[in-house]
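Thank you all for coming, and please have the sequence and the structure open while I talk. I will go through a few individual residues and then finish with a sheet.

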Amino acid sequence: MRWKNAFVYTLREDPSEAELAGHRLMLRAGMIKRLASGIYDYLPLGLRVIRKIEAIIREEMERCGAAELLMPFVVPAELWKESGRWNYYGPELLRFKDRKSNEFCLGPTHEEVIVDVARNAVRSYRDLPLCLYQIQSKFRDEVRPRYGLMRGREFIMKDAYSFHIDEESLDETYRRMHRAYSSIFRRCGLDFRPVEADSGTIGGEVTHEFHVLADSGEDIVVFCDRCEYAANRERAECRREQSVAPTPENAPSMEEVETPDCKTIDEVGNFLGISADRTIKTLVFSVNEGEYLVAACIRGDKELNEIKLRNHLGADSVEVPTDERLRADTDMTIGYLGPRELKKGPLREIVADYSVAGMSDAVIGANRENYHFRHAYPARDLQIDRYADLAFVEAGRACPRCSGGSLLLRKGIEVGQVFKLGRKYTESMKMTVLDEKGEQRYVTMGCYGIGIGRTAAAAIEQHHDKDGIVWPTAIAPYKASVLCLDPRDAEANRIAAQIHDELEARGIDVLLDDREERPGVKFKDADLIGFPIRVVVGGRGLAAGIVEIKARTTGRVDKVAPSEAVEFVVNALDSIS
């Protein structure tokens, strides 16, 4: 491909809208262009990257026995109402009506549609297992789209769905997909971790996320330095160190002390001259949009994980109600709550993190304005209904799965996720098949997604330097570029075109920069775009009988005869692929 035909337009300056390297460099390299908030044009260079990632995905999906189809981007509301998600899914679901007032949405995910496809075709256990996938645009009306393709509203996604007669069959496909995803991200040249995760609004029983490790990541992944345990921070388990400690015989009696205007842990600690780990924080949560309230206690220096609390309660949602709501519905004293004589009004129970169980001589709220209790002991003084793992994990803590391992925390970018959905959608949408006994049975499902644009952006976050992108060879828009430094020199033009044509004939994606631009501009653009190999053809070099070949990753420059350039590039690409 010649530059003039490739529609490549680079920017010299960093766009003001871009915060992360992936966003900034995709804009500067002419790979994407912003059309609206969270919505981007994929320009030719960016689309080539997308297509290469898609090709890798398709090869791995074929190996898994998955068949490709394409479902509509616009989905009728009745399918979502049938599954029960129409009202449950938040404002991210873009709803609209057609001219006949029929309700639709732009699909953020396609569980409902794929069940409708399969239930009209699959009748017997003999038709199972079945795995179908698509690569298609999705739309989620993010409240704050940012970081370019990392968190856009419209995005390209690969979503696969599997159908099974039983859990054993689902387990087999889940493991196969897990291996396929690992292969996909390895082939894309990414340093990644598969981690245990929470299923969120998709639902399901077991799920793993795949995170590209990068300092710019929004998520935190936790993994053991000794065993294979890994989870995102929302899901990561804390090891239970001890049961509720018995109260010592010589323990001082609990004492109420005045703490004027001390509502926060820091204010109480500073006033009483104690550290935060000597206090117990009590929070009240509204469960299932106001169905009931629970109180949750945790050691004052720790952070409570609301997703763990929600899962522990088996709830659809938990949220912190406003102070006004609590005052209106209860007589709780906001800022001075404590797990003693707290059960008032709609409060159903008090749960506590395991960190509270091992405490002694602690400070708690007295449920009275401007007062706290000191010398509180859990076994003697606290009214806890049950203990659970409710805290976010911290670096250096003991691994919950092995002996001797410590937990490490790294930032990550989620690029894929696999779910065991179970029968969440097949039961609500009445998808059954005949089993071996001739009886109707609900089908069990799995779901497997990859954000393709996000994978491209995450690759840049992990592979860039001060000059631009350093693409992994497998997903680079072009594997090589040929720079003709003297486009008005007939011999330089001939040699550059010959090298370009011979590389193309060898099946290598190559871009010939034959612009009438200064050499410095061409060098900067080549580094910015991130071609793995750069071949420089200039009159001065040809006079000396050489062309220069530079590897983007290492910066190494080799000088070879023009007749040897093609073979050298082929071998160089083989060595870095």
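Let me begin with H375, which is buried, because its relative accessible area is 18% and the cut-off for buried is under 20%. Please keep in mind throughout that what we are looking at is a predicted model. This histidine is found in strand β19, which covers residues 371-376, and the phi of H375 is near 65°, a positive value in a residue other than glycine.

A second residue with a positive phi is E289, where the angle is near 55°, and here again the residue is not a glycine. Is E289 buried or exposed? With a relative accessible area of 71%, E289 is exposed, since the cut-off for that word is over 50%. As for where to look, E289 lies in the loop that runs between β14, residues 280-287, and β15, residues 292-299.

While we are on the backbone, please find the peptide bond that joins L128 and P129, which is cis, with an omega of about 0°. The proline of that pair, P129, has its place in the loop between α6, residues 111-119, and β7, residues 130-139.

Now let us turn to N232, which lies in strand β12, residues 230-232, and which is buried, with a relative accessible area of 4%. Which residue does the side chain of N232 meet in a polar contact? The partner is E209, whose side chain makes that contact with the side chain of N232 at 2.9 Å. If we leave aside residues up to four places away in sequence, N232 touches V195, E196, A197 and D198, and also E209, H211, I220 and V221.

Strands of a sheet pair through backbone hydrogen bonds, and they do so either parallel or antiparallel. The one I would like you to find is an open sheet of five strands, in the order β28-β27-β29-β30-β31, and its pairing is mixed. Its edge strands are β28, residues 510-513, and β31, residues 557-560, each of which pairs on one side only. From one strand to the next, the twist averages 20°. Within this sheet, β27, residues 480-484, and β29, residues 533-537, run parallel and are joined by five bridges.

Conventions. Residues are numbered from 1 along each chain as its sequence is written. This is a predicted model: local features need pLDDT of at least 70, side-chain atom pairs count only at pLDDT 80 or more; totals for chains, interfaces and linings use all residues. Side-chain values use heavy atoms; hydrogens and water are left out. Helices (H or I, at least four residues) and strands (E, at least two) are DSSP runs, numbered from the N terminus. Buried means under 20% relative accessible area, exposed over 50%, partly exposed in between (1.4 Å probe, protein chains only). A polar contact is a pair of N or O atoms within 3.5 Å; within protein, one must be able to donate a hydrogen and the other to accept it, and residues adjacent in sequence count only if both atoms are side-chain atoms. Contact means heavy atoms within 4.5 Å. Two strands pair if DSSP finds at least two bridges between them. Axes are lines fitted to C-alpha atoms, for helices over the stretch in contact, and angles run from 0 to 180 degrees between N-to-C directions.
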